[in-house]
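Biologist: I would like a close look at one part of this model, with the criteria spelled out. Please keep to what can be computed from the coordinates.

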Amino acid sequence: MLNYDLGDIVTLKKPHPCGENKWEIVRTGVDIKLKCLGCNRLVWLPRIDFEKRVRKILVDEKWISIVHYKGKDHKEDEE
Ligand SMILES: [Zn+2]
């Protein structure tokens, strides 16, 4: 299971009704709280739904597809 950090910016399978599809993670845990960066609305998603819907994550100003994302601190030759 990937670890997401507070402040991570992600895109989801579907954009918010306001048209924006950039979300900031503002709370993690069993439920994930996301802030829409278009209209600043907050939504809660059960973590399992979040993990099904998340598509990309912004790392060092680049969008990384979540299937290629191993976590920011992941090192191939550790563990
Ligand atoms: Zn919105």
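In what order do the six strands of the open sheet lie, and is their pairing parallel or antiparallel? Please take the sheet, its hairpins and the core in one account.

Modeller: This is a predicted model, in which local features need pLDDT of at least 70 and side-chain atom pairs count only at pLDDT 80 or more, while totals for chains, interfaces and linings use all residues. Residues are numbered from 1 along each chain as its sequence is written.

The protein chain has one helix and six strands, arranged along the sequence as β-β-β-β-α-β-β. Helices (H or I, at least four residues) and strands (E, at least two) are DSSP runs, numbered from the N terminus. The six strands form an open sheet in the order 4-3-2-1-5-6, and the pairing is antiparallel. Strand 4 and strand 6 stand at the edges with a single partner strand each, so one side of each has no neighbour in the sheet. On average, neighbouring strands of this sheet are turned by 40 degrees against each other, direction ignored; axes are lines fitted to C-alpha atoms, for helices over the stretch in contact, and angles run from 0 to 180 degrees between N-to-C directions. Two strands pair if DSSP finds at least two bridges between them.

Strand 3 and strand 4 run antiparallel and are joined by five bridges. Lys35 has Leu42 of strand 4 as its bridge partner, and Lys33 stands opposite Trp44 in strand 4. None of the five residues of strand 4 is buried. A residue is buried if 20 or more other C-beta atoms lie within 10 Å of its own, exposed if 12 or fewer, and partly exposed in between, with C-beta atoms placed from the backbone. The hairpin of strand 3 and strand 4 has five residues between the strands. Asn40 lies in that loop, and its phi is near 65 degrees, a positive value in a residue other than glycine. Most residues other than glycine have a negative phi. Asn40 counts as exposed because it has 10 C-beta neighbours inside 10 Å.

Lys56 has Ser65 in strand 6 as its bridge partner. The hairpin of strand 5 and strand 6 has two residues between the strands. Asp60 is found in the loop between them and has a positive phi of about 50 degrees although it is not a glycine. With 6 other C-beta atoms within 10 Å, Asp60 is exposed.

Now the core. The largest nonpolar core has nine residues: Val10, Leu12, Trp23, Ile32, Leu34, Cys36, Phe50, Val54 and Ile57. Strand 1 (9-12), strand 3 (31-36) and strand 5 (54-59) are the elements that give two or more residues to this core, and strand 3 gives the most, with three. Such a core is a set of buried Ala, Val, Leu, Ile, Met, Phe, Trp, Tyr and Cys residues joined through C-beta atoms within 7 Å.

Cys36, one of these core residues, is in contact with His16, Cys18, Glu20, Trp23 and Arg41, leaving aside its neighbours within four places in sequence. Two residues are in contact if their C-beta atoms, placed from the backbone, lie within 7 Å. Over the protein chain, residues 24 or more positions apart account for 19% of the contacts with a separation of 6 or more. Buried residues make up 11% of the 79 residues in the protein chain.
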